[in-house]
Amino acid sequence: MKLTKYISYAAIAAIGAGLTSCGSEWLDITNNTQDPIEDYYTNEANIFQSVVAAYDPLHWFDYANNYTGINIYPEVLADQCFPGGGDVNDMNQWKSVFNFETTATIVLDTNYSNAYSGVKRCNDAIHYMFDFWQPSNQQELESRARYESEVLALRAFYYNHLWHWWGNIVYYDKNLTGDFLGVQYTADEVYGFIIADLEKVIAADNLPEKCEGSELGRVTKHFVYMLYTEVVMYQRDQSRYPTALKYMEEIITSTKYDLMDDFAAIWEVSGEWCRESVFEINYSDYLANRNWDWGGTCGGTVVPGMILPRGYKSTDGIHDNTGWGFCTVRKSTFDSYDPADKRRDVSIWEPGEGTYTPGYQDTGYFLGKYAGRIGGNAGQIADAILNYNNNLRLYRFSEVLLNAAELGSPNKQDYLDRVRKRAGLESVPATLDNIIQERAWEFLGEGKRYWDLIRTDLAKSLLVKGNEIPDDRTGNYTDNKKYLPFPQSEIDVCHGTLKQNDQYFSN
C-alpha cells in the first residue's frame, strides 16, 4: 500500500528544523520554533527529522520550475526523443540545451539549487548528529552510524547530479558560513570526493542490503553499490571497474532481486518495489498537496502529465486527459525495436490519430512507462497534474545485469541473455556495442541513454543535427558541451569566484 511509503509523505515535513507534518504515523513533528538548534537536535527523534529532511530534495527534480526530471530531461537531450511541448517556446530552455546552444541565463538554475539544497541538508544532519547529540546506549550509537551512512550516500547522490551536469563545481562537506563562498574544484577532483564518501559508506557497512515494508525508500547498501558503479562507469575509471563488478555480482548472487516475468507489470502501481526494484523515489497521490505555489510540498509527481499528449480524449479508457505533450518519442526509436520485443509497446505509446491535439515536434509516439492513468491522482487535494502516484524507478535489476555484463563479468553472455529473453528476443553476442544498444531499448524513458552516449563517446556521432522531422536538432554535440554553463545568477551571487564553464561556448 502507498500508505506505508517511508520517505514520500514525511520528507517534506522536515524542511529545515521540521516544523510541519504530513500526517504519517511514524513521525510526530511539533512546532519547536523557539528552540535553538543546539538544544533541539539532542535526541534521536529530532535527529531523525534532520535525516528525513535530507531525503526531501529527491522529490524536487521532476518539477521545480524547470521540470527537469531525473528520468525525463536526459531523454530529451539524447537520441531517442524530442523535447516536444506546445510550441517552440514551451520550455525553451529544453530546446536550447537540446540544440547545444544554451546560455548562462537559459539553464537549469533550479536543478542546480535543488541539488545544493540536498547537500546543505545532508551537511546539517551530520553536524547535528555529531555535534549536538550524545547517544546514550548501543542502540542509539548504531542508529547514528546508519543515519550517517544514509546521509553521506544522499550527499554523494546530490553531488553526482551536479557533477554530471556541471562538472567543475563548488564542493564542500561542511556548510559554508560568512560570505558563503566555497572552493571550486575540477570535475576529476569532484569525482574523487564523491567516490571517497561512497567508499566510506561501503567500508562502514551500516546499511541493510534491502529495505522492506515501511522503510521502502531509505538508502540501502545496494543503492550505494549502484551509485558507486554509475559514478565509476561515467568517469571511466578502469582502476575501479573490478570493484564495481564485484558489487554488481554481489547484488546478483544475493538472490534478493530478479527480473519480473512481465515487463509491463513493472510500471503499474502494483509493480512498485517489485522484485526487480533496487531503488525507487516514492511519490503518492494520497492527500497529495503539491501545488503551483510550492512544488516541493508532499505528494505526487508531474512527469505522468507532462508526457501525455495534449488534448487527449482518453479514448482508450486508460490514459488521462491532462497532458502537455513533452518528450515525444522519435519514429526512428520505435522502428529500432524488433517487432517481437515485448518492451516496445510498453515503453512507447501510440494514442492514435485524431484522439489528441498535435503539439511541437509531434511524432505520434509518446513515452508509455510513466504516462498518467485515469485515477492516478485521485487522492490528491491540490493541483491534480502535479500529483500523480508514479514512483520513479531509479535502479532496476536489469541494470545490475547489464552493468555486470559491460564491466566484463565471466557471466556477461548469460546476463545479457536474461534481459533479452524477458523481452522475447534471441541471444546476441555480449559485445559492448550490443550491451549499450540493449540499454537503449531496456531503459527508454528512464534517463540513462544521454549519459551512456557521453561516457562511451557515441554522443559525437549520434547527437548531431538531424532531419527526421522539420524541427529536429539544429546543433552538434562536441566534447566541450559535456558540462553546461553555470547559471549566471549563481556566478553573480558568488561575486565572480565561481568560474564559468566557458568551454561550452567554444566552436
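Visitor: How many of the 29 residues of helix 7 are buried?
Guide: This is a predicted model. In it, helix 7 is largely enclosed by the rest of the structure. That follows from a count: of its 29 residues, the buried ones number 25.

Visitor: What span should helix 7 have, and how far apart are its end C-alpha atoms?
Guide: Take 1.5 Å a residue for the 29 residues of helix 7.

Visitor: Which residue caps the N-terminal end of helix 7?
Guide: Look at the backbone nitrogen of Gln139. A side-chain oxygen lies 3.1 Å from that nitrogen. The oxygen belongs to the capping residue, Asn137.

Visitor: Which residue follows helix 7, and what is its phi?
Guide: The residue that follows helix 7 is Gly167. Its phi is positive, near 70°.

Visitor: How many aromatic pairs does a search of the whole structure find?
Guide: One of the pairs is Tyr116 with Tyr159, at 6.3 Å centre to centre. Their planes stand at 85°, and the pair is edge-to-face. The search of the whole structure gives a total of 45.

Visitor: How many residues apart in sequence are the parts that Tyr116 and Tyr159 tie together?
Guide: Both tyrosines, Tyr116 and Tyr159, are buried. Tyr116 lies in helix 6 (residues 109-131). Tyr159 lies in helix 7 (residues 138-166), so the pair links parts whose separation in sequence is 43 residues.

Visitor: Are the rings of Phe334 and Tyr365 stacked or edge-to-face?
Guide: The ring centres of Phe334 and Tyr365 are 4.6 Å apart. Their planes meet at 25°, and the cut-off for this class is under 30 degrees. Therefore the pair is stacked.

Visitor: Where do Phe334 and Tyr365 lie?
Guide: Phe334 counts as buried at 10% relative accessibility. Tyr365 is also buried, at 10%. Phe334 sits in helix 12 (residues 331-336), and Tyr365 in the loop between strand 2 (348-349) and strand 3 (366-367).

Visitor: What lies over the ring of Tyr504?
Guide: A charged group sits 4.1 Å from the centre of the Tyr504 ring. It is the charged end of Lys481.

Visitor: Which backbone atoms lie 2.9 Å and 3.0 Å from polar side-chain atoms of Asn291?
Guide: Asn291 is in the loop between strand 1 (277-281) and helix 11 (303-306). At 16% relative accessibility, Asn291 counts as buried. At 2.9 Å lies the backbone oxygen of Asn289. At 3.0 Å lies the backbone nitrogen of Asp293.

Visitor: Leaving aside neighbours within four places in sequence, which residues are in contact with Asn291?
Guide: With those neighbours set aside, the contacts include Tyr63 and Thr297.

Visitor: Which residue in strand 4 stands opposite Ser277?
Guide: Strand 4 (residues 392-396) has five of five residues buried, so it is largely enclosed by the rest of the structure. Strand 1 pairs with strand 4 in the antiparallel sense, over four bridges. Opposite Ser277 stands Arg396.

Visitor: Which backbone nitrogen does the side chain of Ser409 reach?
Guide: Ser409 lies in the loop between helix 14 (397-406) and helix 15 (412-422). At 1% relative accessibility, Ser409 counts as buried. Beyond four places in sequence, Ser409 is in contact with Leu245, Glu249, Ala404 and Tyr415. At 3.0 Å, its side chain reaches the backbone nitrogen of Asn411.

Technical notes:
Residues are numbered from 1 along each chain as its sequence is written. This is a predicted model: local features need pLDDT of at least 70, side-chain atom pairs count only at pLDDT 80 or more; totals for chains, interfaces and linings use all residues. Side-chain values use heavy atoms; hydrogens and water are left out. Rings of Phe, Tyr and Trp (its six-membered ring) pair if their centres lie within 6.5 Å; planes under 30 degrees apart count as stacked, over 60 as edge-to-face and the rest as tilted. Helices (H or I, at least four residues) and strands (E, at least two) are DSSP runs, numbered from the N terminus. Buried means under 20% relative accessible area, exposed over 50%, partly exposed in between (1.4 Å probe, protein chains only). A charge sits over a ring if NZ of Lys or CZ of Arg is within 6 Å of the ring centre and within 35 degrees of the ring normal. The expected span of a helix is 1.5 Å times one less than its number of residues. A polar contact is a pair of N or O atoms within 3.5 Å; within protein, one must be able to donate a hydrogen and the other to accept it, and residues adjacent in sequence count only if both atoms are side-chain atoms. Contact means heavy atoms within 4.5 Å. Two strands pair if DSSP finds at least two bridges between them.
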